[in-house]
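Look over the structure first, then read the points below.

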Amino acid sequence: MTDSSSHSFQIHRLTARVGAEIRGIRLAGDLPDAHISAIQAALLRHKVIFFRGQQHLTDAEQERFGARFGELVPHPTQNARTGTAGILELDSSKGGGRADAWHTDVTFVEAYPKISILRGVVIPQFGGDTIWANTVAAYEGLSPALKAAAEQLWAVHSNAHDYAARRPNASEEDKRHHDEVFTSTVYETEHPVVRVHPETGERSLVLGSFAQGFVGHSRNDAELLFQLLQSHITRPENVVRWHWQEGDVAIWDNRATQHYAVNDYGQAKRVVRRTTLAGDIPVSVDGRRSVNRKTIVRNPQARAA
């Protein structure tokens, strides 16, 4: 399906609830303001947008393009790619390169990123897709009683968790990376399970794999609540799957989505590079803001090079 547009590019919806491909545009840091505004509008509407054929993008140009949408920010515990302000490289052959768990980027900090931009650099011959879920549609699909219950919940998010239990088949390199790099600084933050989007006013569910429990609830009850709400997020009707090609770019609203990198390509090499834009502190439906509970620097020398 093609959306009408007054610009030279075309917006093709991929599903009714999430995802659109934008064709006929060459991404760059010097795009006209009208094009940036149109891309931003498409992002807010479709939650994740895709661009094929952007092989011309270098690290520097990816950052210049990203900076048109806000302030570039590095990952809080992992070093940026050499020579860049904040590009995080995810290489499947190195520790931490396979993000095969449903998550919203960096929710373990208060003001987690508002937008992520991912560029396909090396793509395997088969597999390696990424799936995105619309967390606004998930909230809207809840019954009135579940909406009311979710709006009262606050979740504790942290980058420190039982990694071996969550990823029993992870490589030793992945485990080392998690223990020594990803948790070199441990964060613990309380977020409302339902946040109000600062630009659209929509309500979305804030969960994913960094959510470790719910304030005031036992571990058993919290796990049941999590599975119930998380299952609404990842319903097939709420997701879109992207089959990567080298040079593809995906941009998603990190305040309104979760994503999952499918780990189905064996030992093949997969490299993608991500930039993120500074976000705002989430606000609950009753106006309360997320709060940091803990920040502990464990091993500052262990950040990835």
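Strand 7 (115-122) and strand 15 (residues 249-253) run antiparallel and are joined by five bridges. Strands here are DSSP runs of E, at least two residues long, and helices are runs of H or I, at least four residues long, both numbered from the N terminus. Two strands pair if DSSP finds at least two bridges between them. This is a predicted model: local features need pLDDT of at least 70, side-chain atom pairs count only at pLDDT 80 or more, and totals for chains, interfaces and linings use all residues. Residues are numbered from 1 along each chain as its sequence is written, and side-chain values use heavy atoms, leaving out hydrogens and water.

**Strand 15 and its partners**
- Arg119 stands opposite Val249 in strand 15.
- Strand 15 also pairs with strand 4 (residues 48-51), in the antiparallel sense, over four bridges.
- Phe50 stands opposite Ala250 of strand 15.
- Five of the five residues in strand 15 are buried, meaning under 20% relative accessible area with a 1.4 Å probe, protein chains only.
- Both faces are covered: Val249, Ile251 and Asp253 lie on one side, Ala250 and Trp252 on the other.

**Nonpolar cores**
- A nonpolar core is a set of buried Ala, Val, Leu, Ile, Met, Phe, Trp, Tyr and Cys residues joined through side-chain atoms within 4.5 Å.
- The largest one has 22 residues, and Ile251 is among those with the most contacts inside it.
- Strand 3 (20-23), helix 1 (33-46), strand 4, strand 7 and strand 15 each supply at least two residues of this core.
- Helix 1 gives the largest share, five residues.
- Apart from this core lies another, of 21 residues, including Ala138 and Leu207.
- Ile251 touches Phe65, Ile115 and Ile117, among others, not counting residues up to four places away in sequence; contact means heavy atoms within 4.5 Å.

- An open sheet has the order 14-8-16, with antiparallel pairing.
- Strand 14 (239-242) and strand 16 (257-261) are at the edges with a single partner strand each, so one side of each has no neighbour in the sheet.
- Strand 8 (residues 130-134) and strand 14 pair over four bridges.
- Ile131 has Arg241 of strand 14 as its bridge partner.

**Thr104**
- Thr104 sits in the loop between strand 6 (88-91) and strand 7.
- Thr104 is buried, at 4% relative accessible area.
- Its side chain reaches the backbone oxygen of Thr257 at 2.7 Å.

Technical notes. Buried means under 20% relative accessible area, exposed over 50%, partly exposed in between (1.4 Å probe, protein chains only). A polar contact is a pair of N or O atoms within 3.5 Å; within protein, one must be able to donate a hydrogen and the other to accept it, and residues adjacent in sequence count only if both atoms are side-chain atoms.
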